[in-house]
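The following questions and answers examine how the terms applied to a structure follow from their criteria.

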Amino acid sequence: SQVSFEEESQNPPAVGHWKPLMPSKGDKEEPESGCQDAGGVHEPQSTEQLNVSRLRSSSVEIREKGSEFLRDELHKAQKELKLKDKECERLSKVREQLEQELEELTASLFEEAHKMVREANTKQAAAEKQLREARGKIDMLQAEVTALKTLVITSTPSSPNRELHPQLQSPSKAGFRKGHGRNKSTSSAMVSAGSQNVAPEPVSRECKEVDSILFAEFQAWKESPTLDKSCSFLDRIYREDVGPCLDFTKQELSELVRVAVEQNTLTIEPVASQTVPVGKVAAEECGGPKKCALSGLPRTCKHRIMLGDSGSYYYISPSCRARITAVCNFFTYIRYIQQGLVRQDVELMYWEVMRLRREMSLAKLGFYPSEM
């Protein structure tokens, strides 16, 4: 448009006669005369051309300033557009980064949630299994405690229970039964019926006198029975009876036997009951039918012991079995007292404890029934 405007400004305007549209008030209408001077016609035409040229020059100047202003505004708009493009690009990158981080966080959260669910399911299954096992053990313990209470309550000095007092049975039935088993699920040591004595043995033919120190220690223990050997009553018995009775040549194995007896995890069984399946290897056995694992001496071993669930068997001689059985009988009786299964006079219980201590002393010296 500017170029065309400049071209038009270069071409001279056409010269013609300009006639006012309406005459002014001061002017008088004169009749047109056919003859006018040549000088009077050219003077108004030059004035009009000057006015037109001025108008055209001012119009060109205005157009140039307008175009310059528009160019400045265009440059500003282009700069702002470039800045906005850069800002949009930066925001787009930030959005992509946030979306990627969100996806990674979501994936990690889902993975952690699945892991927690798996661990919870595993723990729940293990807890349910332990609960079932505990309920089974509780039912078995309740049944055994009920049976033990029945046996103990029905045994009184006036009418003793012959199952609990083998010395009252006939000579053919009073001997020790073969086999010595201990139920690991009960809290009291379970020995064979022929070797356990819950009620005191009649000692009317013997002269006896209560030792005041021992009786006072037993009475103090009876007020709050416990299996903690730090009390004076059990500490004395451990030092004088239990320790020497379970002190064998094989010191390491002796310590394991003592711990198993205290924790009620010792099992004694006859060698004759051993049956090894064909094609299978039996559990590890120490010693042998002709060598005692505790004393290390060549002896005919009729029994073997197992400590807990180790699966290892140790052959023992009759003398070692008698010593272990005597200690088991003592722990059986004091556990009965602790659980409230023995309902007798304190003095009768004291004499039964003394009798069991005597059994341990005799076994330590080598005395044992021939049936072993």
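Q: In which helix does lysine 82 lie?
A: In this predicted model, lysine 82 lies in helix α2, which covers residues 38–153.

Q: Why is lysine 82 called exposed?
A: The term exposed requires a relative accessible area over 50%. Lysine 82 has 59% relative accessibility, and therefore counts as exposed.

Q: What makes the patch of positive charge on the surface?
A: The patch is a gathering of Lys76, Lys79, Lys82 and Lys86. Lys counts as positive, and like charges are joined within 9 Å.

Q: What makes the nonpolar surface patch of about 330 Å²?
A: Leu362, Leu365 and Phe367 make this patch. Leu and Phe are among the nonpolar side chains, which are joined within 5 Å. Leucine 365 belongs to helix α8, residues 346–365. Its relative accessible area is 65%, so leucine 365 is exposed.

Q: How do you know whether isoleucine 316 is buried or exposed?
A: Buried means under 20% relative accessible area. Isoleucine 316 stands at 0% relative accessibility and therefore counts as buried. This residue is found in strand β4, residues 313–316.

Q: Which residues are in contact with isoleucine 316, leaving aside its neighbours within four places in sequence?
A: The contacts of isoleucine 316 beyond those neighbours are Cys292, Leu294, Cys301, Lys302, His303, Arg304, Ile305, Arg321 and Ile324. Contact here means heavy atoms within 4.5 Å. As for glycine 296, which is 20 residues apart from isoleucine 316 along the chain, the two C-alpha atoms are separated by 9.3 Å.

Q: Why is the pairing of lysine 65 and glutamate 61 called a salt bridge?
A: The criterion is a side-chain nitrogen of Lys or Arg within 4 Å of a carboxyl oxygen of Asp or Glu. For lysine 65 and glutamate 61 the N to O distance is 3.6 Å, and the pair is a salt bridge. Both residues lie in helix α2, four residues apart, about one turn of the helix. Lysine 65 is exposed, with 54% relative accessible area, whereas glutamate 61, at 43%, counts as partly exposed.

Q: How many salt bridges does a search of the whole structure find?
A: The search finds twelve salt bridges.

Q: What makes arginine 357 and glutamate 240 a salt bridge, and which parts does the pair tie together?
A: Their closest N and O atoms are 2.5 Å apart, and the criterion is within 4 Å. Arginine 357 lies in helix α8 and glutamate 240 in helix α5 (residues 232–245), so the pair ties together parts that are 117 residues apart in sequence. Arginine 357 counts as buried at 9% relative accessibility; glutamate 240, at 37%, counts as partly exposed.

Q: Where do arginine 355 and glutamate 352 lie, and how far apart are the closest N and O atoms of their salt bridge?
A: The closest N and O atoms are 2.7 Å apart. Both residues lie in helix α8, three residues apart, about one turn of the helix. Arginine 355 and glutamate 352 are both buried.

Note on methods: Residues numbered from 1 in each chain as written. Predicted model: local features only at pLDDT ≥ 70, side-chain atom pairs only at ≥ 80, totals over all residues. Heavy atoms only, no water. Patch = residues over 30% accessible without salt bridge, like charges linked within 9 Å, V, L, I, M, F, W, Y side chains within 5 Å. Areas by Shrake-Rupley, 256 points an atom, 1.4 Å probe, with all protein chains shown as cover. Charge placed at Lys NZ, Arg CZ, Asp CG, Glu CD. Helix = DSSP H or I, 4+ residues; strand = E, 2+ residues; numbered from the N terminus. Buried < 20%, exposed > 50% of the residue type's maximum accessible area, 1.4 Å probe, protein only.
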